[in-house]
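The sequence and structure follow.

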Amino acid sequence: MVNASEIANYWDAAAPSFDEEPDHGLRAEHTHRAWDELLRRWAPPGPADVLDIGCGTGSLSALLAAAGHRVTGVDLSARMIEQAQAKLSTAGLPGRFVVGDAAAPPTGGQQFDMVLARHLLWTLPAPENALREWVARLRPGGTLLLVEGRWGEAGQGEPYVTGAEALPWNGGVLPGDLSSAVEPLVASMRVEDLSEAPDLWGRPVDDIRYALIAQV
């Protein structure tokens with residue numbers, strides 16, 4: 001069994017150096033631009049209410065806020081949330097950030113036009129339950145955007161927290177498996193391959209990376 005406090009402690013400890021990874025901090029201009037272009041294409045038109053689940057240090061939240069969207073970010077790590085708040089504040093961007101469980105975001109009865117989660121499902125003990133919860137947060141016609149993958153190191157090395165090796169999607173999830181889980185919950189969906197887009201990751205990659213974009 002994975003302990004929530006152990007998970008929070010792990011990500012709290014990771015927070016200070018989290019943005020050093022190119023696709024986390026988006027510090028390089030070409031990486032920043034690549035994610036900005038994708039999010040602008042995937043997000044609903046016009047100012048939208050967006051829920052960024054597992055928002056980390058808020059890099060994607062910042063891009064969405066800069067594009068004019070109203071962003072709420074949720075993360076289990078208080079240190080990550082602190083950095084996300086500081087990042088948007090420094091940039092003069094609006095955003096609301098709350099500490100909470102990704103599987104049951106503490107946003108009350110608010111409905112959103114888009115729910116976004118990037119590289120998060122592998123950390124969850126019941127990812128299919130979380131997917132149902134996220135879809136329930138969407139308004140009719142809303143967008144579920146999942147940026148996921150199955151990484152080259154999957155199943156290798158020590159688990160990041162006790163019990164992580166038993167998580168259903170530890171190491172990532174294949175596009176077919178995620179599509180099978182999402183399809184019954186949505187009206188339409190498509191998958192876009194992101195493995196051949198080195199600007200997104202700051203380097204070429206040789207594993208499976210993709211986005212699933214669905215409408216409810």
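Arg137 is buried, at a relative accessible area of 9% (buried means under 20%, with a 1.4 Å probe and protein chains only). The model is predicted: local features need pLDDT of at least 70, side-chain atom pairs count only at pLDDT 80 or more, and totals for chains, interfaces and linings use all residues. Residues are numbered from 1 along each chain as its sequence is written, and side-chain values use heavy atoms, leaving out hydrogens and water.

Arg137 lies in the loop between helix 6 (127–136) and strand 5 (138–150); helices (H or I, at least four residues) and strands (E, at least two) are DSSP runs numbered from the N terminus. Contacts, meaning heavy atoms within 4.5 Å, are listed below for two residues, not counting residues up to four places away in sequence.

| Residue | Residues in contact |
|---|---|
| Arg137 | Ala104, Pro105, Thr107, Gly108, Gln110, Gln111, Phe112, Val115 |
| Leu64 | Leu39, Ala43, Val50, His69, Val71, Met114, Leu116 |

Leu64 belongs to the largest nonpolar core, which has 30 residues; Trp35, Trp42, Leu64, Leu145, Val147 and Leu194 touch the most other members. Such a core is a set of buried Ala, Val, Leu, Ile, Met, Phe, Trp, Tyr and Cys residues joined through side-chain atoms within 4.5 Å. A second, separate core of 27 residues includes Ile53, Leu178, Val182 and Leu212.

Helix 1 (residues 4–18) packs against helix 5 (residues 78–90) at about 30°, with axes 7 Å apart. Axes are lines fitted to C-alpha atoms over the stretch in contact, and angles run from 0 to 180 degrees between N-to-C directions. The two helices are therefore roughly parallel (angles under 35 degrees).

Conventions. Buried means under 20% relative accessible area, exposed over 50%, partly exposed in between (1.4 Å probe, protein chains only). Angles under 35 degrees count as roughly parallel, over 145 as roughly antiparallel, 65 to 115 as roughly perpendicular and the rest as oblique.
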